[in-house]
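Take a look at the sequence and the 3D view, then read on.

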Amino acid sequence: MGAMLEIRRLSKAFGSFVAVDGVSFDVSKGEVLGFLGPNGAGKSTTMKMVTGFLEPSGGQVYVCGKDIAADPVSCKSALGYLPEGAPAYPDMTPAEFLAFVAEIRGFGKSEAKRRIEEVVRKVHLEDVLAKPIDTLSKGFKRRVGLAQAILHDPQVLIMDEPTDGLDPNQKHEVRELIRAMATEKAIVLSTHILEEVEAVCTRAIIINRGRLVFDGTPAELEQRAPANVQKNRLDHVFRSLTSSDTQAAPPKPEVVNA
Amino acid sequence: MKHMLSIFKRELRGYFATPVAYVFIVVFLVLAGVFTFQFGQLYGPEGQGQASLRAFFGWHPWLYLFFIPAVSMRLWAEERKTGTIELLMTLPITMSQAVLGKFLAAWFFTGIALLLTFPVWVTVTYLGEPDHGAIIAGYIGSLIMAGGFLAIGACISSLTKNQVIALVVTFVICLFFLLSGHPDSLDFLRGWAPGVLVDTISSFSFLTHFEALSKGVIDVRNLIFFFSLMAFFLFANGLILDQKKAD
C-alpha cells in the first residue's frame, strides 16, 4: 500500500510573506499524522492547500495518486475535511445539512439515509438533529463538522484542530473515534495540544515559520528532549524546535524557568 | 447538473429559512403596486385609457434597483462570513456549478416575487382587453433584466464578507447602469462629450435595453445585451472566488 496522500515541496506566498515554504510529507493508510506548530506557522494554510481550497504557489498534492491541481473533483471526493472552526450553514439543522452534503457527495436517498444515521450515531448528534446549527453549542457544532467530514467514509481524512474548544469528555470521544477509524484511512490532524499527539498519533510533524522542522514518531520526538528534563518532555522539544529564531540555536535550559 | 441542483435547492431554502424572504416579497409587491397605480397612473391620463401594463413594467428597473441588491447581497458574503465557503469549495463540485447554482436560486426567488404581481394583470384584464402576448413578453423581459441585476449583485457579493457593503456597492453599480440611459444624464453628457462616447454609455443602460422589452417587443439585440452581461459578471464572480478565497 503506497502513500494515500503525497505532499511535494508545497509552498504558499501571500505577497512577500511566505506562509508555507517547501513542505513535503507522505501519509499512508493506517497512519494518524499529527500536524504541529505554533499559531501562524502555516498549519491551516497547508491544510487548505492539501484539500484543494487554496491554490499553492508551488509544489504538488497527490490524493490517492491523483494530482489535485489536475483533477480536483475526484480528489475532493476521496477527501474528508473538517475546516478550522467547523463551519456549517447556521440556518440549517444538522439533519438538513448532512442531507445536503450527502446529496452533493452523490448518494441516493436510501444510501444517504443509512450513512447519515451511521455518522449521527458515531458522533452522537441524535438529540440536536432538528435544531438549527446556529443554536448549537461549540461541541455540537464541532461534531456536526466531523459528521460531515466522515459521511462518505473518505480514504483521506483531514481535520484542522478537531478537538479545539471541546471539554475533556468530548475530546476523549473524538480521539476514540479517530482511533477507531485509523486502520482504514490516512488521517491528518492539526493540533497544538501535545498530549493529543501522544494519545492518537502514530507520527508527528512540526512546522515552524512555514518550514518542516521535525518528522517522526511521537516517541522519537520525546527522545529529543535532554535527559535532565523530567516533566513535559514534549513541550520542551516543541519549544526548542519552534521558539528559536534560527534552527541552530541551542534550546534554552529548562532549569532556568523551573 | 445534479450538483448545481443541490446548490440551487440549498440556496433557495436559505432564502426562506428566515422571515426576511417573506418581508422582501411583501415590500416588493407593495412598492410595485404603489409605483404602478400611484406614480405610474395606471388608471390616469398617462395610461391614456389603455388596458396595458406599460406603466407597470416601466417602473421595474427602479424597483429592482432597490430590491435586487438586497436579494443578492448574501449569496457569497454570507459564505465568507460564516466560513462555509471553505466547506463548499472543498466539496467535489466545480466552481461554475457553485456560481450558477447560487445565481439561479436568487433568480428563481426574484421570479417568485415577480409572479406574485399577477393581480395587476388580473386588474387590467378585468377592466379592458389587454394584449396578453405583450404582457407575457413584458414579464419575460423583466425577469431577464432582473437576471442582469442579480449577476452584478452576485459578483459584488463575492468580493466581501460584509453584506451591507455588498448591498451598497451593488446599488451604486446598478444605479450607474440605469442612469447611463436616463434622458437627463445623457443631456448632461451631450453638452461636452463626443457623440460616440454618449452612445456607448447609453448602450450600456438597462433602461435603453428594457424599453422595448417592457412594451412587449422581444428584440434579440436586447436579449444578447442582458445575457452577455450576466455571462460577464458571473464569469468575474468565479474568477474573484478563485483568486480571493481565504479572506
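## A tucked-away histidine

Let's start with A:H152: at 9% relative accessibility, this residue counts as buried, because the cut-off for that label is under 20%. Keep in mind as you go that you're looking at a predicted model.

Where does A:H152 sit? You'll find A:H152 in the loop between α5 (138-150) and β7 (156-160) of chain A. Its side chain makes a polar contact with the side chain of A:R105, at 3.4 Å. Leaving aside neighbours within four places in sequence, A:H152 is in contact with A:S77, A:L79, A:G80, A:R105, A:F107 and A:R115.

## The strand next on the list

Two of those contacts, A:L79 and A:G80, belong to strand β6 (residues 79-82) of chain A, which is covered on both faces. On one side A:L79 and A:Y81 are buried, and on the other so are A:G80 and A:L82. As a general point, side chains in a regular strand alternate between the two faces of the sheet.

β6(A) has a partner in β7(A): the two pair in the parallel sense over four bridges. If you want to spot one of these bridges, look at A:G80, whose bridge partner in β7(A) is A:L157.

## An open sheet with a helix across it

Chain A also has an open sheet of four strands, in the order β2-β1-β4-β5, with antiparallel pairing. Its edge strands are β2 (17-28) and β5 (66-67) of chain A, each pairing on one side only. Strand β1 (residues 3-14) of chain A pairs with β2(A) over eight bridges, again in the antiparallel sense. One place to look is A:L5, which has A:V27 as its bridge partner in β2(A).

Helix α1 (residues 43-50) of chain A lies across β1, β2 and β4 (58-63) of chain A. Relative to β1(A), the helix runs at about 120°.

## A well-covered strand

How many residues of strand β9 (residues 203-208) of chain A are buried? Six of its six are. On one face you have A:R203, A:I205 and A:I207, and on the other A:A204, A:I206 and A:N208.

β9(A) has pairings with two strands described here. With strand β3 (residues 32-36) of chain A, the pairing is parallel and takes in four bridges; there, A:L33 stands opposite A:R203 in β9(A). With strand β10 (residues 211-216) of chain A, β9(A) runs antiparallel and is joined by five bridges. In β10(A), A:G216 is the bridge partner of A:A204. The hairpin of β9(A) and β10(A) has two residues between the strands, and A:R209 takes a positive phi near 50° there.

## A buried glutamine

Over in helix α6 (residues 168-181) of chain A you'll come across A:Q170. Is A:Q170 buried or exposed? A:Q170 counts as buried, because its relative accessibility is 15%.

The largest nonpolar core has 151 residues, and A:L5 and B:F206 have the most contacts inside it. Helix α9 (residues 132-157) of chain B provides the largest share of this core, with twelve residues.

What does B:F206 touch, not counting residues up to four places away in sequence? The answer is B:M145, B:G148, B:F149, B:I152, B:F177, B:L178, B:F225, B:F226 and B:L229.

Technical notes: Residues are numbered from 1 along each chain as its sequence is written. Chains are lettered from A and ligands numbered from 1 in the order in which they are written. This is a predicted model: local features need pLDDT of at least 70, side-chain atom pairs count only at pLDDT 80 or more; totals for chains, interfaces and linings use all residues. Side-chain values use heavy atoms; hydrogens and water are left out. Two strands pair if DSSP finds at least two bridges between them. Contact means heavy atoms within 4.5 Å. Axes are lines fitted to C-alpha atoms, for helices over the stretch in contact, and angles run from 0 to 180 degrees between N-to-C directions. Buried means under 20% relative accessible area, exposed over 50%, partly exposed in between (1.4 Å probe, protein chains only). A polar contact is a pair of N or O atoms within 3.5 Å; within protein, one must be able to donate a hydrogen and the other to accept it, and residues adjacent in sequence count only if both atoms are side-chain atoms. A nonpolar core is a set of buried Ala, Val, Leu, Ile, Met, Phe, Trp, Tyr and Cys residues joined through side-chain atoms within 4.5 Å.
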